[in-house]
There are 2 protein chains.
Amino acid sequence: MAAPRYKLVYFDVRGKCEPLRWMFAYSGVAFDDHRIKELPYYVSEDPKPEWTALQPKTPFGAVPVLEVDGKYLAEAGAIARYLAKPLGLSGADEWEFAQADSIICYLSSEFEAPFLEFIREMDPGKKEEARAKVLAKLPKITETIERILQENNSATTGNGFIIGSAVTIADFFVVNYHELADTFLRPGCLDRNKVLTAHRERIRALPGIREFIQKHAHLAF
Amino acid sequence: MAAPRYKLVYFDVRGKCEPLRWMFAYSGVAFDDHRIKELPYYVSEDPKPEWTALQPKTPFGAVPVLEVDGKYLAEAGAIARYLAKPLGLSGADEWEFAQADSIICYLSSEFEAPFLEFIREMDPGKKEEARAKVLAKLPKITETIERILQENNSATTGNGFIIGSAVTIADFFVVNYHELADTFLRPGCLDRNKVLTAHRERIRALPGIREFIQKHAHLAF
């Protein structure tokens, strides 16, 4: 049976899709990195023919979606978990995979949900309130992630990753948490968190990831 | 190898844990339904010796957690996915499982995140604002879920469930969405949504689920 041809659809920004692109870049599995060259409604009033045609076909009216054999899978976390095994990023066993899953869930509910409210808010005053609300959440989230990183790396299996001794999908979502905060909330806001920062540099320097980042360095966000 | 002994830890309420309890109840797999008989800090100032001792041992300072061989797995979605295959609730193939996963993710980000902000808000004025904010989200979420239910049930494989032709983890999370809204936001708020309501009744009537609900009918929420 031929391997499926994966098509990942998103806008031409890092955003929610970047951990999924890094999964492909690191694993070396080819994929169609399809980028809609249109801006979201809350940024620009330009016509959006491609997005207007695609949106009603997506399960929840949102991207990223993964297209496999003409069918769509939505939600970044679900896409990551679906691809984790074929791309070799699912940890050593089902327990490690479940731990990686739980970290992605935690970041989604604690960070991503209020972060998206901030991103989508167009009223300047309310936007600053929303920014402050997300910034106030960062210390606890960061402390939790740093503790898990340290616990894993003091263990005999630790090798600089958040789960077990190899890269899993959770590493890419942890770095994305860091980079979304740094890009949109306040540049440098997590620079003082040395454990998190060292992990980010480690992941960014991985073969495949480094080249992918360089190729897309022109993107402002 | 002996099957692991599963221990599910939560407070003595339905909340985030109910879909996980229903997974066990429906599959018939025995589990320790451990209920901490203490109230959350935002409800009561009574001492909480059990929770105070447990909380720092949980990965993210929150329940539910699943204890397996003395180790904890956190986050309801991750627990559901970890248990789905052993409990026979993972759909017909990896694609169906991924679709179930994506529905749980969608409900988590669109409903659960703002719902928890509402639940945890103690200022009466802000609580009403938070309630209104979640209520405003219900029509779009409900419409999306009803569309997926209808699409699945007009297909030849449909049998009244949200994915494929058998119960999956997603069915239990969809019902929990409905019941959390009905219990905490506004009783009857989704009664007019006939497709969703019929699905809820169908799931509640399943063998194992019906008996579990009757046994815990004394719980107010």
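Which residue is the bridge partner of Lys7(A) in β3(A)? The partner is Glu67(A). This is a predicted model, in which local features need pLDDT of at least 70 and side-chain atom pairs count only at pLDDT 80 or more, while totals for chains, interfaces and linings use all residues. Residues are numbered from 1 along each chain as its sequence is written, chains are lettered from A and ligands numbered from 1 in the order in which they are written, and side-chain values use heavy atoms, with hydrogens and water left out.

Strand β1 (residues 7-11) and strand β3 (residues 65-68) of chain A pair in the antiparallel sense over 3 bridges. Strands are DSSP runs of E of at least two residues, and helices are runs of H or I of at least four, numbered from the N terminus; two strands pair if DSSP finds at least two bridges between them. In chain A, 4 strands form an open sheet with mixed pairing, in the order β2-β1-β3-β4. Because β2 and β4 (71-74) of chain A stand at the edges with a single partner strand each, one side of each has no neighbour in the sheet. From one strand to the next, the twist averages 25 degrees.

Helix α3 (residues 76-84) of chain A packs on this sheet and touches β1, β3 and β4 of chain A (contact means heavy atoms within 4.5 Å). The direction of α3 makes about 115 degrees with that of β4(A); axes are lines fitted to C-alpha atoms, for helices over the stretch in contact, and angles run from 0 to 180 degrees between N-to-C directions. From chain B, helix α4 (residues 94-120) lies across β3 and β4 of chain A, at about 45 degrees to β4(A).
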